[in-house]
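I am opening a notebook on this structure and will write down what I looked up, entry by entry.

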Amino acid sequence: MSLYPFAEISFLEDFNVHHQLWLSSPFTDHPGELAFNFAILHDLQQLVQHLTRIPDRLGDTPNILDLFLTSNAFVYAVTLSSPLGSSDHNLISVFCLISPVPPHYLYNEGDSGVLPVTVGGT
């Protein structure tokens, strides 16, 4: 990531980590501390704000275990839906709020091969 400091970075994963302050977990484990430090070190924001793990056994607690870490939080919206099938995790959808920039062709610099060609027209 240090080779491309302006690249957009995004991770969506079932990290299965616990962190009391960052993720509102009942405790903090070592992987949770590592994930938190990684996000801080690389200036990533965690956008999943609601519980993603649904307890399916006695003694389990709901948690945020699925994370979306990104370097550009302003262009994404995260929504949660009911689990699919027998999953014990809610479905996470990530939407990009901007559309890609269309390519810019430099016709005067040899990009003429991309010009539209009409066949059989008048």
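**Layout**

I began with the terms for the elements: helices (H or I, at least four residues) and strands (E, at least two) are DSSP runs, numbered from the N terminus. With that in hand I read the order of the elements in the protein chain from the N terminus on as β-α-α-β-β-β-β, which gives 2 helices and 5 strands. I noted that this is a predicted model, in which local features need pLDDT of at least 70 and side-chain atom pairs count only at pLDDT 80 or more, while totals for chains, interfaces and linings use all residues. Residues are numbered from 1 along each chain as its sequence is written, and side-chain values use heavy atoms, with hydrogens and water left out.

**Surface and interior**

I looked up the accessible surface of the protein chain, which comes to about 8,900 Å², with 59% of it belonging to carbon and sulfur atoms; such areas come from the Shrake-Rupley method with a 1.4 Å probe, and for residues only the protein chains shown count as cover. Of the 122 residues in the protein chain, 25% are buried.

Which residues make up the largest nonpolar core? I listed 12 residues, namely Val17, Leu23, Ala35, Leu47, Val48, Ile64, Leu67, Phe68, Ala73, Val75, Tyr76 and Ile92. A nonpolar core here is a set of buried Ala, Val, Leu, Ile, Met, Phe, Trp, Tyr and Cys residues joined through side-chain atoms within 4.5 Å.

I then turned to contacts, where contact means heavy atoms within 4.5 Å. Among contacts in the protein chain between residues at least 6 apart in sequence, 46% join residues at least 24 apart.

I followed Leu47, which lies in the loop between β2 (45-46) and β3 (66-70) and is buried, with a relative accessible area of 18%. Leaving aside neighbours within four places in sequence, I found Leu47 in contact with Phe68, Thr70, Ala73, Tyr76 and Val78. Leu47 and Thr70 are 23 residues apart in sequence, and their C-alpha atoms are 7.8 Å apart in space.

For Val75 I noted that, not counting residues up to four places away in sequence, it touches Glu8, Phe95, Cys96, Leu97 and Ile98. Ile98 sits in the segment after β5 (91-96) and is exposed, with a relative accessible area of 53%.

**Aromatic pairs**

How many aromatic pairs does the structure hold? I found 3 aromatic pairs, where rings of Phe, Tyr and Trp (its six-membered ring) pair if their centres lie within 6.5 Å, and planes under 30 degrees apart count as stacked, over 60 as edge-to-face and the rest as tilted. One of the pairs is Phe11 with Phe38: the ring centres are 5.8 Å apart and the planes stand at 70°, so the pair is edge-to-face. This pair links distant parts of the chain, with Phe11 in strand β1 (residues 10-14) and Phe38 in helix α2 (residues 30-41), 27 residues apart. Phe11 is partly exposed at 31% relative accessibility, and Phe38 is partly exposed at 30%.

I also looked at Trp22 and Phe36, an edge-to-face pair with 5.4 Å centre to centre and 65° between the planes. Trp22 is in helix α1 (residues 20-23) and Phe36 in helix α2, 14 residues apart, and this pair too links distant parts of the chain.

**Loop residues**

Is Asn90 buried or exposed? Asn90 lies in the loop between β4 (76-81) and β5, and I found it buried, with a relative accessible area of 18%. The C-alpha atoms of Asn90 and Leu80, 10 residues apart along the chain, are separated by 6.2 Å.

Last, I checked two residues other than glycine that have a positive phi: Ser24, near 60°, and Asp43, near 55°. Ser24 lies in the loop between α1 and α2 and is exposed at 61% relative accessible area, while Asp43 lies in the loop between α2 and β2 and is exposed at 60%.

Definitions and conventions
Buried means under 20% relative accessible area, exposed over 50%, partly exposed in between (1.4 Å probe, protein chains only).
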